[in-house]
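Hi,

Here is the structure I promised to pass on. Have a look at it first, and my notes follow below.

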Amino acid sequence: MANDADGTDVANDAAATTLSPILPTDMEEAAAALLRDACAANLSLVTAESCTGGLLSSLLTDVEGASHAFERGFAVYSEDAKCELLGIRRDAIEACGAVSREVAIAMAEGALARSRGDIALAVTGYAGAAPDGEENGLVHFACACKDGPTLHREEHFGDIGRGPVRIACLRVGLDMMRQALERD
């Protein structure tokens, strides 16, 4: 086993720098397959993430040799970030709420417009405790394609905890991007 200059085991170091320790193997395999298929189709992927905070981007960049298939990721946790980075109108967020079908669609379309990607996946929701009157585990997804309609999906994961909701979001995001690739 190879060691770094400081004697650290390189294999253990590599595992520690990816999401591998916390993700099911089938999810890593799904990410690798998605990237392989995006490469074969010469398409690039973009993410716009709120409640997942960049986890989907991290998962997609954990796969070596597929950097040309992942164009960029936007971590847009705050309302200001959604407006500034994705061009969402503040009055749209105020009218619908940041966790809504409308904002998820605007995020996906904004990510596509502000990148060189072909497929953009957006996720916004309540991974942890929701504000009063809102539903714990409610998450909205949208997937925009350059040459097709923007699709929306609403999930009700329930009060299963912040980590499990975020992991479930990764699975849905991968699935939606897979479906978009198959449409193209």
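A term before the notes: by a nonpolar core I mean a set of buried Ala, Val, Leu, Ile, Met, Phe, Trp, Tyr and Cys residues joined through side-chain atoms within 4.5 Å. Also, keep in mind that this is a predicted model.

With that in hand, the largest nonpolar core has 35 residues, and L60, I119, F141, L174 and M177 are the ones with the most contacts inside it. At least two residues of this core come from each of helix 2 (25-40), helix 3 (55-61), strand 3 (119-125), strand 4 (138-145) and helix 7 (162-183). Helix 7 gives the largest share, 10 residues.

Leaving aside residues up to four places away in sequence, L174 touches M27, A30, A31, L34, L56, L59 and L60.

Most residues other than glycine have a negative phi, but N42 has a positive one, near 55 degrees. Is N42 buried or exposed? N42 is exposed, at a relative accessible area of 68%.

Last, the pockets. The largest pocket holds about 150 Å³ of space. Its lining is made up of 13 residues, and V99, G125, Y126, A129 and P131 lie nearest the centre. Sorted by class, that lining has 8 nonpolar, 3 polar and 2 charged residues.

Cheers

How values were computed. Residues are numbered from 1 along each chain as its sequence is written. This is a predicted model: local features need pLDDT of at least 70, side-chain atom pairs count only at pLDDT 80 or more; totals for chains, interfaces and linings use all residues. Side-chain values use heavy atoms; hydrogens and water are left out. Buried means under 20% relative accessible area, exposed over 50%, partly exposed in between (1.4 Å probe, protein chains only). Helices (H or I, at least four residues) and strands (E, at least two) are DSSP runs, numbered from the N terminus. Contact means heavy atoms within 4.5 Å. On a 1 Å grid over the protein atoms alone, a cavity is a set of points where a 1.4 Å probe fits but cannot get out, and a pocket is an open set with protein on both sides within 12 Å along at least five of seven lines; lining residues have an atom within 4 Å of a point. Grid points are joined across faces, edges and corners, and a volume is the space filled by probe spheres set on the points. Ala, Val, Leu, Ile, Met, Phe, Trp, Tyr, Cys and Pro count as nonpolar, Asp, Glu, Lys and Arg as charged, and the others, Gly among them, as polar.
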